[in-house]
Amino acid sequence: MFEIALILMGILSGIFGALLGIGGGTFVVPLLVIFLHYPIHQAVAISLISIIATSSSVASVNVYNKITNMRLGITLELATTLGAIAGSFIGTFLKGNVIALIFSFVMAFIAYFMYFHKENEQSTSVTQAKSVYASNYFDYALNKNIEYDVKNLGAGLAISAFAGAFSGMLGIGGGVLKVPAMNAFCKVPIKVAAATSNFMIGVTAAAGSFIYFGKGYIEKPLYVALIVLGVIMGSKLSMPIIKKVPPSRVKNIFIIFLIYLAIEMFIKGVK
Amino acid sequence: MNFDLNKFIAKTLAVGVYSSMFLFCVAIIENFFKKSSMFDRSFLGIFKGLIALDPNSTLYAGIVILMLTPVVRVLFLAIGYFIEGDLRFSFFSFLVLLILIFSVYFGVH
């Protein structure tokens with residue numbers, strides 16, 4: 001019965017994450033902790049493994065279609081992996097209730113951000129001198145080739161390090177920070193920002209997961225497998241759902257759910 | 001022969017994910033037939049258990065393959081950029097690889 005509950009949690013996390021565009025990891029930890037009373041450090045470890053699976057699965061498609069800017073990705077990974085290692089070390093030393101409290105604040109921030117954020121569709125033109133990060137991709141929705149360049153790499157590196165630290169500490173992907181940052185500061189088109197962030201998230205989660213693995217937080221490998229298989233199934237199931245129900249229409253329902261999870265995590269934290 | 005780094009990296013990621021998913025499914029089937037008698041969680045122990053069709057060893061093998069997939073992707077990116085003559089990004093990839101090896105080292109110890 002518990003095993004079936006784990007697969008269902010994974011499927012729900014995968015669907016919710018894909019519909020909100022923030023990855024399944026954001027939901028894995030609170031669902032495991034709140035509904036299955038799972039120890040938070042083990043939940044973070046499972047979440048990081050599931051993030052590697054979803055990120056690698058989606059990234060393989062985006063890299064193949066040349067939407068991902070791999071040069072930008074590998075540069076920002078320098079900062080995000082160091083952040084993830086630092087965050088994982090801090091996370092394994094913090095008490096569970098402290099992590100629950102930090103998680104509740106981060107979820108509240110994500111909910112606030114999701115509600116007010118407007119995507120910047122403008123990208124930097126490359127008519128003048130190109131940087132080594134300048135690239136292009138074919139936008140099937142617009143049916144044209146989009147050229148762009150990357151600006152303010154320093155801001156991108158700083159936010160990537162910050163996002164990596166939160167990823168290692170809380171078992172979330174951190175895309176919710178990286179995608180808007182790349183879009184707003186680095187002037188990268190939103191589709192490229194999302195694909196590049198996803199590309200980086202696998203490496204960030206891997207850096208963190210080795211620390212949790214070594215400290216023995218992956219005690220029940222069957223539970224990890226069931227959650228990972230569930231999240232992968234959920235993210236695949238979300239594709240036909242997205243085609244029928246535009247994410248913008250269900251966004252507010254999920255934001256309310258995020259706030260509910262944030263409150264529950266806060267209560268867990270102060271108990 | 002034209003070397004397409006994007007296609008190579010995309011295939012690396014897909015092979016990593018599907019191999020671990022395959023092992024997870026095999027382990028779930030193994031679970032119905034035998035109880036796990038593991039436990040040596042070293043890489044060698046996991047490999048021996050995998051050969052002996054031990055469910056927990058098979059699950060751990062899937063988890064380790066999944067965790068190593070991004071590491072192998074960074075290694076192949078370093079080699080791929082080097083082949084393309086793009087030394088700057090080959091160097092950056094190599095640095096990321098060193099950071100990941102640092103993480104593996106501290107994870108194991």
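1. A:Lys66 has a relative accessible area of 42%, so A:Lys66 counts as partly exposed. Please keep in mind that this is a predicted model. A:Lys66 sits in the loop between helix 3 (40-64) and helix 4 (70-93) of chain A. Its phi is near 60°, a positive value in a residue other than glycine.

2. What does A:Lys66 form a salt bridge with? The partner is B:Asp4, and the closest N and O atoms are 3.5 Å apart.

3. A:Arg71 pairs with B:Asp86, with the closest N and O atoms 2.5 Å apart. A:Arg71 belongs to helix 4 of chain A, while B:Asp86 lies in the loop between helix 3 and helix 4 of chain B, so this pair also crosses between chains. A:Arg71 is partly exposed at 30% relative accessibility, whereas B:Asp86 is buried at 12%.

4. The other one joins A:Glu77 and B:Arg73, whose closest N and O atoms are 2.7 Å apart. It links helix 4 of chain A with helix 3 of chain B. A:Glu77 is buried, and B:Arg73 is buried as well.

5. Now for the interface as a whole. How many salt bridges does the rule find across the interface of chain B and chain A? There are three, and the count over all chains comes to four. The interface also has seven residue pairs in polar contact, with both residues at pLDDT 80 or more. On the chain B side, helix 1 (5-33), helix 3 (55-83) and helix 4 (87-108) each supply at least two of the residues that touch chain A. Helix 3 gives the most, with 15 residues. By class, this side of chain B has 32 nonpolar, seven polar and six charged residues.

6. The extent of the contact is worth noting too. It takes 45 residues from chain B and 46 residues from chain A. Together the two chains bury about 3900 Å², of which 78% is on carbon and sulfur atoms.

7. Next, the aromatic residues. The structure holds 14 aromatic pairs over all chains. One of them is A:Tyr137 with A:Tyr148, an edge-to-face pair at 6.4 Å centre to centre and 65° between the planes. A:Tyr137 lies in strand 1 (residues 135-139) and A:Tyr148 in strand 2 (residues 144-148) of chain A, so the pair ties together parts that are 11 residues apart in sequence. Both tyrosines are buried.

8. B:Phe89 and B:Phe92 are edge-to-face, 5.6 Å centre to centre with 85° between the planes. Why are they separated by about one helical turn? Because B:Phe89 and B:Phe92 are three residues apart in helix 4 of chain B. B:Phe89 and B:Phe92 are both buried. Together with A:Tyr133 and B:Tyr81, they form one aromatic cluster.

9. Is helix 2 (residues 25-35) of chain A mostly covered or mostly open? Mostly covered: 10 of its 11 residues are buried. Among them are A:Phe27, A:Val28, A:Pro30 and A:Leu31. Just after this helix, A:His37 takes a positive phi of about 50°.

10. A:Ser160, in helix 6 (residues 153-170) of chain A, is buried with a relative accessible area of 2%. Not counting residues up to four places away in sequence, A:Ser160 touches A:Leu76, A:Ala79, A:Thr80, A:Lys178 and A:Met200. In chain B, B:Leu53 sits in the loop between helix 2 (43-51) and helix 3. Phi of B:Leu53 is near 60°, a positive value in a residue other than glycine, and B:Leu53 is partly exposed at 48%. B:Ile79 is found in helix 3 of chain B and is partly exposed at 42% relative accessibility. B:Ile79 and B:Phe94 are 15 residues apart in sequence, with their C-alpha atoms 8.7 Å apart in space.

How values were computed
Residues numbered from 1 in each chain as written. Chains lettered and ligands numbered in written order. Predicted model: local features only at pLDDT ≥ 70, side-chain atom pairs only at ≥ 80, totals over all residues. Heavy atoms only, no water. Contact = heavy atoms within 4.5 Å. Buried area = accessible area lost by both parts, 1.4 Å probe. Salt bridge = Lys/Arg side-chain N within 4 Å of Asp/Glu carboxyl O. Polar contact = N/O pair within 3.5 Å; in protein donor to acceptor, adjacent residues only side chain to side chain. Helix = DSSP H or I, 4+ residues; strand = E, 2+ residues; numbered from the N terminus. Nonpolar A, V, L, I, M, F, W, Y, C, P; charged D, E, K, R; others polar. Buried < 20%, exposed > 50% of the residue type's maximum accessible area, 1.4 Å probe, protein only. Phe/Tyr/Trp six-rings, centres within 6.5 Å; stacked < 30°, edge-to-face > 60°.
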